[in-house]
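Please read these notes with the model open beside you. The points are numbered so that each can be checked on its own.

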Amino acid sequence: PFLPIIPSLTAEDEKTQSFKENAEPVAPFQQDISVREEPIPALPDHTIAGKPVVRKTEPLVDLIEDPEMQLQAISWSADAGKRMAIINGKICREKDRVGAYVIQSINTDDVILSKGSVSGKLVFKIR
């Protein structure tokens, strides 16, 4: 009689073989599942979620060319009460007086000052 040669199984192969023999058959999906994505309507640039966007525009102001005024640092916060600037070595907040000027606003890149009815901005100077 002819006996087939069966390769020897390792312990790992035996575990896999045992698992395959004892595994439950998996039925294919009974229904077709498809994802239908509705297109998102394009909104004009001036609206977000259907609400109009009002862009904040700063009034154009000239640079202050006063050699006595030097902006050294800005600490900006969304909370106006926490904004600070260091001007001429002093910590200043909005509405403070610095020399002949009053600080109108502290922005991320500049400080708006006024002297009487004239406004100007103080920026960092490159040395």
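1. In this predicted model, S114 has S119 in β10 as its bridge partner. The two strands concerned are β9 (residues 110-115) and β10 (residues 118-123), which pair in the antiparallel sense over six bridges. Two strands count as paired if DSSP finds at least two bridges between them. Strands are DSSP runs of E with at least two residues, helices are runs of H or I with at least four, and both are numbered from the N terminus. V111 stands opposite L122 in β10.

2. A note on how to read the numbers. Residues are numbered from 1 along each chain as its sequence is written, and side-chain values use heavy atoms, with hydrogens and water left out. The model is predicted, so local features need pLDDT of at least 70 and side-chain atom pairs count only at pLDDT 80 or more, while totals for chains, interfaces and linings use all residues.

3. The hairpin of β9 and β10 has two residues between the strands, and G116 there takes a positive phi near 70°. V102, found in strand β8 (residues 101-106), lies 14 residues from G116 in sequence and 8.7 Å from it in space, C-alpha to C-alpha. Leaving out residues up to four places away in sequence, V102 touches K95, D96, R97, I112, L113 and S114. Contact here means heavy atoms within 4.5 Å.

4. Which strands form the open sheet, and in what order? There are five, in the order β3-β10-β9-β8-β7, and the pairing is mixed. At the edges are β3 (62-63) and β7, each of which pairs on one side only. Strands β3 and β10 run parallel and are joined by two bridges. D62 stands opposite G120 in β10.

5. D110 lies in strand β9 and deserves a separate look. D110 is buried yet has no salt bridge, and K121, the nearest side chain of opposite charge, is 4.1 Å away. Buried means under 20% relative accessible area, exposed means over 50%, and partly exposed is in between (1.4 Å probe, protein chains only). A salt bridge needs a side-chain nitrogen of Lys or Arg within 4 Å of a carboxyl oxygen of Asp or Glu. For charge, Lys and Arg count as positive and Asp and Glu as negative, while His and the chain ends are not counted.

6. The side chain of D110 does make a polar contact of 2.8 Å with the side chain of N107. A polar contact is a pair of N or O atoms within 3.5 Å; within protein, one must be able to donate a hydrogen and the other to accept it, and residues adjacent in sequence count only if both atoms are side-chain atoms. Apart from neighbours within four places in sequence, D110 is in contact with L71, I74, S105, K121, L122 and V123.

7. How many salt bridges are there by this rule? The count comes to one. The side chains of R83 and E94 form a salt bridge at 3.2 Å, N to O. This pair links distant parts of the chain, 11 residues apart: R83 is in the loop between β4 (71-75) and β5 (84-87), and E94 is in the loop between β6 (90-92) and β7 (97-98). Both R83 and E94 are buried.

8. Strand β5 has pairing on record with β4 and with β6. β4 and β5 pair in the antiparallel sense over four bridges, and the bridge partner of A73 in β5 is I86. β5 and β6 also run antiparallel, joined by three bridges, with A85 opposite C92 in β6. One face of β5, A85 and I87, is covered, whereas the other, M84 and I86, is uncovered.

9. N88, in the loop between β5 and β6, has phi near 55° and counts as partly exposed at 34% relative accessibility. K95, in the loop between β6 and β7, has a positive phi of about 80° and is exposed, with a relative accessible area of 57%.

10. For the chain as a whole, there are one helix and 10 strands. Buried residues make up 19% of the 127 residues.
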